[in-house]
Amino acid sequence: MKHAHSVNALKSWIELQDLSTRELPHLRDLLKDQKRSEALNFKALGLELDFSCQRVDSHVLNALLHLAEESNLKQRINLFFQGQEVNTSEQRAALHPALRNLDETQVSWSKSITQEVNLELDRFCRFAEQLRHQELQGFSGKAFTDVVNLGIGGSDLGPRMCVQALSNLEPRVGKSSSTTLPRVHFVSNVDAWALFKVLSDLDASSTLFIVQSKTFLTQETLLLAASAKQWLQRNGCPDEKMSQHLVAVTANTALALESGFKSSQTFKFWDWVGGRYSVWSAIGLPVAIATGEKRFKELLSGARAMDEHFYQTPWDRNLPILLALIGIWNNNFLKASTHNVAPYSYLLSHFTPYLQQLEMESNGKGVDLQTHPMQVHTSPIVWGGLGIDGQHAYFQLLHQGSHLVPVDFIGLKSDTCPIDPTLEHHRCLVLNMKAQAKALAQGRNLQDTEKELKEDGLSDEQISVLAGHRTFRGNSPSTSIWLDEMSPNILGALMALYEHKVFTQAAIWSINPFDQWGVELGKKIAQQLKNN
């Protein structure tokens, strides 16, 4: 298949370059246009995307939409949803949307794939429910109280993020319930302290380990698994009952079974599932354990709804496509080489690391589909963290540093934390998120700064010293993404929103977002050093 194109030679790309050199009004002026702000606000599936603080107007948006057309985006989307070989360097499809096609309708790939996926889904969800209902026991007959997920990369980041994000749904220990739900822990780091800190508070007789590895050859994960087995042995687990405490999730089920894992506790996914897209498969078992089968399937349904939105919605109202196009404008034309993601919800405290893998492992590429060196920048450097914490750390650079850093603010419209709502914790978060987006956009010029300092009673001499330090350039672009609430459906839609944003950008740049060869070299060198 030939899909490569020289993106910077396209008519629309050249038009965008011309548009980027003109003097667009400052955001403080653009934001005065209420009609513009309303036109740049889009809602779907419990999400609201507000692009009003982006440095775009109708001319830029039209040119970006034209770029998508010229880049054969429509063809790439069709190939993707038809289950064609879009991962060209590994000669396979990328069928992760099939993992969330619960109703088995509107599919272009083989129906047998959907049926096989849903059989495995029901199988690992049933296992999760058995754990939640204390129907499975360890070597001493105790029900499992703790589950430790051992995995790295996609086997950790997605499940860890989802478990944290959905921890609002129910307390781990319900005061009104006679049962205690299993606590779910994550260890990805091969540093022994990471495992030690988790295991030091656990009872081996009631601890279950999930070993997640696509190949079942991942060095870090297998080392953690070996240490976990040793810990079980030292704490009284006889060899013949070891398998009761071990679960495997892998595309290499044969090797897991050879390694002593029980077939009833070995769950599979497929080689067409990339690690960063794998949380929708059995890799999501920790999420199903933490939230229950019903809610895990709601997570899948939310992502499925975004799949349909991406596939069917006109591009000028299509959330992933608009998010992708504005990202390209900032990256390639406004020359912003980094991108900050700042969630204003503690529940989303692991969302930025999850996005770092999704975006940079997918689109951190230096050659196009035909292995020609890229002539334009691809993925920006994604960084950030909780916004309310960042305000007292890196936000100084966003406001007054010399770098242009676009921001995705992510917040909840409503929250149900049981702490007394009259204390207004959530209102404080919302106000701060809105204020930061406004401050980055509007800034404060020298004249307004001098006026404010004069009103504060400072002398002309003090003002002359301080005014430059207390002036903000503004005009820093941001997108505000609002979730109606934190629910499985909406979280699934948010995750798929970013998946399809990444895919759209890859299609425009003409790169492969489904391989990750850059991960391999360091691993091989480490193995060579070990063998020397």
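Predicted model: local features only at pLDDT ≥ 70, side-chain atom pairs only at ≥ 80, totals over all residues.

**Stop 1: Arg 100.** Select Arg 100, and you'll land in the loop between helix 5 (73-81) and helix 6 (111-132). Is Arg 100 buried or exposed? Its relative accessibility is 0%, so Arg 100 counts as buried. Now show what surrounds it. Leaving aside neighbours within four places in sequence, Arg 100 is in contact with Trp 280, Leu 300, Ala 303, Arg 304, Asp 307, Ala 496, Glu 499 and His 500.

**Stop 2: the largest pocket.** Next, select Thr 215, Thr 218, Gln 516, Glu 520 and Lys 523, which lie nearest the centre of the largest pocket among its 39 lining residues. The space in there comes to about 1000 Å³. Which one gives the largest share? That's helix 21, with four residues. Colour the lining by class and you'll get 14 nonpolar, 16 polar and nine charged residues.

**Stop 3: the second largest pocket.** This one has a volume of about 720 Å³. To find its centre, select Asp 415, Thr 416, Cys 417, Pro 418 and His 425, the closest of the 26 residues that line it. Then highlight helix 17 (residues 425-442), which gives the most to this lining, with five residues. By class, the lining of the second largest pocket holds 15 nonpolar, six polar and five charged residues.

Definitions and conventions:
Residues numbered from 1 in each chain as written. Heavy atoms only, no water. Helix = DSSP H or I, 4+ residues; strand = E, 2+ residues; numbered from the N terminus. Buried < 20%, exposed > 50% of the residue type's maximum accessible area, 1.4 Å probe, protein only. Contact = heavy atoms within 4.5 Å. 1 Å grid on protein atoms, 1.4 Å probe; cavity = no way out; pocket = protein on both sides within 12 Å on 5 of 7 lines; lining within 4 Å. Points joined across faces, edges and corners; volume = space filled by probe spheres on them. Nonpolar A, V, L, I, M, F, W, Y, C, P; charged D, E, K, R; others polar.
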